[in-house]
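These are my notebook entries on one protein chain, written down in the order in which I looked things up.

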Amino acid sequence: PGTPGLDGALHPNDATAIDARSAAISALTDIKGRSDCATALGGTVELGGLTLTSGLYTSTSSMKITSGDLVLDAENNPAAVFIFRTPGSLSTTQNMKVILANGANPNNIYWSAGTAATFAQHSIIEGNVFADTGITYAAGCTHHGRYDSGCGCLSHTVPTKSQWGPEIVLDEADLFAFVQIVCNGY
């Protein structure tokens, strides 16, 4: 029955997918290799309720947005880059949002999770998401950006026909590769 919520085209194992996967690996290698000017935030990091300016933010355990929205403030710099890197998981709770302020651009936001990324119902995610073991979107999620899972696993919940799961807004030319979609019942 198609892929509910996907705005774009799928490229399973074709030239576009291979090129996109190569670009994703290059981007992720760059993200994981950065250390200059990193802001070490500690173990399990709660990003909810914070307003952050551009930079590299790291944790030693996991990152979550659970106690409020996260505001990313580009300070009127259209080239501002935000990088969030954790060896563990990245997650949100229901209705949490990443809010862009003062020119922040989702193309310049990078999330790297060493394990899984899990976005709860009605979360709004901005930026490029890399997760080594899979990405899960619950019903009603919105993601403006690109994504790549090292295992090729993308999952989204489709509990009823009236609730089609996440709205994943992608530019086909920018789509990082993924090999398999798991759609709970599709």
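**Entry 1: an aromatic cluster**

I began with the aromatic rings of this predicted model, and found that Y57, F84 and W111 form one aromatic cluster.

Y57 lies in strand β5 and F84 in strand β8, so their pair ties together parts that are 27 residues apart in sequence.

I then went on to F84 and W111, whose ring centres are 4.2 Å apart and whose planes stand at 15 degrees, so this pair is stacked as well. W111 belongs to strand β11 (residues 109-113) and F84 to β8, so here too the pair ties together parts that are 27 residues apart in sequence.

F84 is buried with a relative accessible area of 1%, and W111 is buried with 2%.

**Entry 2: the sheet that carries the rings**

Next I asked myself in which order the strands of the open sheet lie. The sheet has 6 strands with parallel pairing, and their order is β2-β5-β8-β11-β14-β17. At its edges I found β2 and β17 (147-149), each of which pairs on one side only. From one strand to the next, the twist averages 15 degrees.

As a reminder to myself, strands of a sheet pair through backbone hydrogen bonds, and the pairing can be parallel or antiparallel.

I then checked some neighbours one by one. Strand β2 (residues 38-40) pairs with strand β5 (residues 55-58) over 3 bridges in the parallel sense, and A38 has L56 in β5 as its bridge partner. On going from β5 to strand β8 (residues 82-86), I found parallel pairing over 4 bridges, with R85 in β8 as the bridge partner of T58. Further along, β11 and strand β14 (residues 128-131) pair in the parallel sense over 4 bridges, and there Y110 stands opposite N128 in β14.

**Entry 3: a salt bridge between loops**

I also looked for charged partners, since side chains of opposite charge can pair when their charged atoms come close. How many salt bridges does the structure hold? The structure holds 1 salt bridge, in which the side chains of K97 and D69 meet at 3.3 Å, N to O. K97 sits in the loop between β9 (90-92) and β10 (98-101), while D69 sits in the loop between β6 (62-65) and β7 (70-73), so that this pair links distant parts of the chain, 28 residues apart. K97 counts as partly exposed at 30% relative accessibility, and D69 counts as partly exposed at 23%.

N95 lies in the loop between β9 and β10, and at 40% relative accessibility N95 counts as partly exposed. Leaving out residues up to four places away in sequence, I found that N95 touches D69, Q121, H122 and S123. I also noted that N95 and G68 are 27 residues apart in sequence and 9.0 Å apart in space, from C-alpha to C-alpha.

Last, I looked up the confidence values, which give a mean pLDDT of 75 for the chain, with 67% of its residues reaching 70 or more.

I marked residues 1-5, where the pLDDT is below 50 and where the stretch has 12 contacts in the model beyond near neighbours in sequence. I also marked residues 158-186, again with pLDDT below 50, for which the model shows 83 contacts beyond near neighbours in sequence.

Methods: Residues numbered from 1 in each chain as written. Predicted model: local features only at pLDDT ≥ 70, side-chain atom pairs only at ≥ 80, totals over all residues. Heavy atoms only, no water. Salt bridge = Lys/Arg side-chain N within 4 Å of Asp/Glu carboxyl O. Helix = DSSP H or I, 4+ residues; strand = E, 2+ residues; numbered from the N terminus. Buried < 20%, exposed > 50% of the residue type's maximum accessible area, 1.4 Å probe, protein only. Pairing = 2+ DSSP bridges. Phe/Tyr/Trp six-rings, centres within 6.5 Å; stacked < 30°, edge-to-face > 60°. pLDDT = per-residue confidence, 0-100. Contact = heavy atoms within 4.5 Å. Axes fitted to C-alpha atoms, helices over the stretch in contact; angles between N-to-C directions.
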